Amino acid sequence: MINSGLHAHAVGGDDSVASGVSWGAILAGAFAAAALSFILVILGFGLGFSSVSPWSGNGLSAQTIGWSTVAWITFTQIAASAIGGYMAGRLRVKWASVHTDEVYFRDTAHGFLAWAVASLATAALLSTAIGNVISSGAKVAGSAGAAVAAAGTTAAAGSVAAADGNTADAVSGYFIDTLFRAPATGAPATADAAPVAPLANGAPDSPPLAPAQRNEVTRIFANALRTGALPAGDKTYVAQVIAKRSGISQADAEKRVDDTYAAYKKAIDDATTKAKEAADTARKAAAYGSLWMFVALLCGAFIASLAATFGGRLRDRKDRVVYTAVEPAVGERDTLRDTHESVTLT
């Protein structure tokens, strides 16, 4: 009887001195994991953009989107790592003369290496191809939000062009206008009403405030905000200018200065508080995102190592089947020859 084993490496040969790393299997598993991660991440971005709407009351809430993103990233890591680790363990070479414990360790290492290469490849894709997809989608989805944010930024600390070509603060511009607003006449204007005559010490229809004087008042308010209080001399000076132009008493002008400065300071403080709250929310979101990404990657490394061990076991179990070719006996050989000849003649 002649036995011819189809797996000569499994039957004989010493592979204890050979390399314990099958880079071909590792790269195959890594490419499979990276490709699956790429597909799932693209699908996740598509689902995410479809669930976000700039219109109030439409789309998912920010909290729901956050938890959905965490769940999808975790699922992506587990699925891709399982496929990559299984392929790395199943496609590696057989170590026939290596102890079983060493085989398990090598399979685990192959899965971990496949996960590491796939993670690096996915990170490279995230910074290139997927980055383009994110930027284009964000430009479309966030156009309305960008307009609102720009308006809020301008209201908080932006600047607009003044009539004389200089730059004035948008918030201070509004409050400076209220300072020099003429008092109401007490009766609504009609189409056939006579025009209001100018006053001696200031009139409702007096010429516009000079740019130099307006900028001076703006700087006074800016200095008061910086120091935290409006000096008495500055308040008296501004009240005199208001009383002269608006035709109100000095006491009423000083009261208007106090009220306007308080409202101005409150608006600035509210805008600063909102900016700090937004920054703190972004900080917390970034911290939570980093922690959950760490957990997802850790799960991916564990699943890849476990799947590689499982794939290696299946591969070794399949390799235990040894196919042999048995030479027939002399009588059986003649019988087979006669049968073949009879079939040929027929």
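**Exercise 1. Find which residues line the largest cavity, and say what they are like.**

Step 1. Ala33, Ser37, Gln77, Ala80, Ser81, Trp115, Ala118, Ser119 and Thr122 form the lining of the largest cavity. This is a predicted model, in which local features need pLDDT of at least 70, side-chain atom pairs count only at pLDDT 80 or more, and totals for chains, interfaces and linings use all residues. Residues are numbered from 1 along each chain as its sequence is written, and side-chain values use heavy atoms, with hydrogens and water left out.

Step 2. Here are the terms. On a 1 Å grid over the protein atoms alone, a cavity is a set of points where a 1.4 Å probe fits but cannot get out, while a pocket is an open set with protein on both sides within 12 Å along at least five of seven lines; lining residues have an atom within 4 Å of a point. Grid points are joined across faces, edges and corners, and a volume is the space filled by probe spheres set on the points.

Step 3. The volume of the largest cavity is about 50 Å³, and the structure holds one cavity of 30 Å³ or more.

Step 4. Now place the lining on the helices (DSSP runs of H or I, at least four residues, numbered from the N terminus). At least two lining residues come from each of α2, α3 and α4, and α4 gives the most, with four.

Step 5. Sort the lining by class: Ala, Val, Leu, Ile, Met, Phe, Trp, Tyr, Cys and Pro count as nonpolar, Asp, Glu, Lys and Arg as charged, and the others, Gly among them, as polar.

**Exercise 2. Describe the largest pocket and the second largest pocket.**

Step 1. Start with the largest pocket, whose volume is about 660 Å³. It is lined by 24 residues, and Val41, Phe45, Thr69, Trp72 and Ile73 are the closest to its centre. Two or more lining residues come from each of α2 (23-50), α3 (62-90), α4 (100-126) and α10 (250-319).

Step 2. The class count for the largest pocket is 14 nonpolar, 10 polar and no charged residues.

Step 3. Move on to the second largest pocket, with a volume of about 310 Å³. Its lining includes Gln63, Trp67, Thr69, Tyr288 and Trp292. Both α3 and α10 supply at least two of the lining residues, and the largest share, five residues, comes from α3.

Step 4. By class, the second largest pocket is lined by five nonpolar, four polar and no charged residues.

**Exercise 3. Locate the largest nonpolar core and look at Val257 within it.**

Step 1. A nonpolar core is a set of buried Ala, Val, Leu, Ile, Met, Phe, Trp, Tyr and Cys residues joined through side-chain atoms within 4.5 Å. Buried means under 20% relative accessible area, exposed over 50%, and partly exposed in between (1.4 Å probe, protein chains only).

Step 2. The largest core has 20 residues, and Leu179, Phe180, Val217, Phe221, Val238, Ile242 and Val257 have the most contacts inside it. Each of α7 (170-179), α8 (211-227), α9 (232-246) and α10 supplies at least two of its residues; α9 gives the most, with five.

Step 3. Check Val257, taking contact as heavy atoms within 4.5 Å. Beyond its neighbours within four places in sequence, Val257 is in contact with Leu179, Phe221, Leu230, Lys235, Val238, Ala239 and Ile242.

Step 4. Ala30, Ala33, Ala80 and Ala118 belong to a second, separate core of five residues.

**Exercise 4. Work out how Phe221 pairs with Tyr261 and with Tyr264.**

Step 1. Rings of Phe, Tyr and Trp (its six-membered ring) pair if their centres lie within 6.5 Å; planes under 30 degrees apart count as stacked, over 60 as edge-to-face and the rest as tilted. The rule gives seven aromatic pairs.

Step 2. The ring centres of Phe221 and Tyr261 are 6.0 Å apart and their planes stand at 85°, so this pair is edge-to-face. Because Phe221 lies in helix α8 and Tyr261 in helix α10, the pair ties together parts 40 residues apart in sequence.

Step 3. Phe221 and Tyr264 are stacked, at 5.9 Å centre to centre with 25° between the planes. This pair links helix α8 to helix α10 across 43 residues.

Step 4. Phe221 is buried at 1% relative accessible area, Tyr264 at 4% and Tyr261 at 10%. Together with Phe175, these residues form one aromatic cluster.
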